[in-house]
Amino acid sequence: MSGGEGKTVCVTGASGFIASWLVKLLLQRGYTVRATVRDLSDPKKTDHLLALDGAKERLNLLKANLLEGGSFDSAVDGCEGVFHTASPFFLTPSDPQSELIDPALKGTLNVLESCVKTGTVKRVVLTSSIATVLYNGRPRTPDVVADETWFSDPEFCKEKKMWYQLSKTLAEDAAWKSAKEKGIDMVTVNPAMVVGPLLQPTLNTSAAAVLSIINGSQTYPNATFGWVNVKDVANAHIQAFEVPSANGRYCLVERVAHYSEVVKILQNLYPSIQLPDKCADDKPYMPTFQVSKEKAKGLGIDFVPLEESLKETVESLKEKKFFSICAL
């Protein structure tokens, strides 16, 4: 499975941050791409995809809805690979079940069901998240190394009202069960907080996290996250499809950093920006920890450093006019 000439693949939720980059890189590699979006009449979902190199010749946009059984049948029919990236990502839902859990869980099962029907799909690559790995009550301290053998605990997520983490965990659990039952060759990609340049015109959740720091906030959150560049994540998806030995789950984290470190990096990159100089609370900083890169290296991923990723994010936010500071 190397190189994309003559091969047709499907990308679900193609207008999103990661998926847009995935479509771009697949087209660059010669694939014919069927890309699903919820609303074909919304230029914010389609224009940036149609403008990609190779789109005119090898990109087909199709409408599909995660909650409609069978709506992915025509999109995946005849495809060798399916990249299921469609899943809502936001952290403060008003109705977690309908806004996050149903689309993530039912949507994933609907896509897998469509893959079984067609009989042409050789491998499914599921965009999961580090959210399905880390949230289980196990201590995370600087000497702890999390890896692909860790699984989040749905009960722990419910108790802590971590609805996004719960939605992704339930979806990935169900996907593995379904893949096993139906004999689907599936690989999951589990990225941390994804940053880097935006192709889509809308602001996504992870870019918004950086924007909030550079856009006049007085404080930064007392939170520690893994961070990774969107181009590495998109590339890992393609490698997970093309490398025959790829299997199981792949954690994607260039670095685990507290927001205070992110602020320091931004301060060094942009000394003239007014950045927050204090934490949002006076509790001890959430500790950092480690996430193993060994398995990801097996896909040939050489991670973009966080400094470069943050610079790309800021420059992209500026270019797309999400904020403007003369000094930049």
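The exercises below, each with a worked solution, concern a predicted model.

**Exercise 1. The cavity**

Find how many cavities of 30 Å³ or more the structure holds, and state which residues and elements line the largest cavity.

Solution. 
- Step 1. Searching the whole structure for cavities of 30 Å³ or more gives one. The volume of the largest cavity is about 70 Å³.
- Step 2. List the lining. It consists of His 84, Thr 85, Ala 86, Ser 87, Ala 104, Thr 108, Leu 126, Thr 127, Ser 128, Lys 168, Ala 171 and Glu 172.
- Step 3. Assign elements. At least two lining residues come from each of α5 (96–118), β5 (123–127) and α7 (163–182). Helix α7 gives the largest share, three residues.
- Step 4. Sort by class. The lining of the largest cavity has six polar, four nonpolar and two charged residues.

**Exercise 2. Ser 206**

Decide whether Ser 206 is buried or exposed, and identify what its side chain meets.

Solution. 
- Step 1. Locate the residue. Ser 206 belongs to helix α8, which spans residues 205–214.
- Step 2. Apply the cut-off. Buried means under 20% relative accessible area. Ser 206 has 2% relative accessibility, so Ser 206 counts as buried.
- Step 3. Look for polar partners. A polar atom of the Ser 206 side chain lies 2.5 Å from the backbone oxygen of Val 194. The side chains of Ser 206 and Asn 204 are joined by a polar contact of 2.9 Å.
- Step 4. List the other neighbours. Leaving out residues up to four places away in sequence, Ser 206 touches Phe 17, Phe 89, Met 193, Val 194 and Val 195.

**Exercise 3. Lys 311**

Classify Lys 311 by accessibility and name the residues it touches.

Solution. 
- Step 1. Lys 311 sits in helix α12, residues 306–319.
- Step 2. The relative accessibility of Lys 311 is 38%, so Lys 311 counts as partly exposed.
- Step 3. Not counting residues up to four places away in sequence, Lys 311 touches Leu 269 and Tyr 270.
- Step 4. Take a separation. From Lys 311 to Thr 188 there are 123 residues in sequence and 28 Å in space, C-alpha to C-alpha.

**Exercise 4. Helix α2**

Name the buried residues of α2 and describe what covers them.

Solution. 
- Step 1. In helix α2 (residues 43–50), the buried residues are Thr 46, His 48 and Leu 49.
- Step 2. Their cover includes the helices α1 (17–28) and α3 (55–58) and the strands β2 (32–37) and β3 (59–63).
- Step 3. Check the start of α2. There, a side-chain oxygen of Asp 42 comes within 2.9 Å of the backbone nitrogen of Lys 44.

Note on methods: Residues numbered from 1 in each chain as written. Predicted model: local features only at pLDDT ≥ 70, side-chain atom pairs only at ≥ 80, totals over all residues. Heavy atoms only, no water. 1 Å grid on protein atoms, 1.4 Å probe; cavity = no way out; pocket = protein on both sides within 12 Å on 5 of 7 lines; lining within 4 Å. Points joined across faces, edges and corners; volume = space filled by probe spheres on them. Helix = DSSP H or I, 4+ residues; strand = E, 2+ residues; numbered from the N terminus. Nonpolar A, V, L, I, M, F, W, Y, C, P; charged D, E, K, R; others polar. Buried < 20%, exposed > 50% of the residue type's maximum accessible area, 1.4 Å probe, protein only. Polar contact = N/O pair within 3.5 Å; in protein donor to acceptor, adjacent residues only side chain to side chain. Contact = heavy atoms within 4.5 Å.
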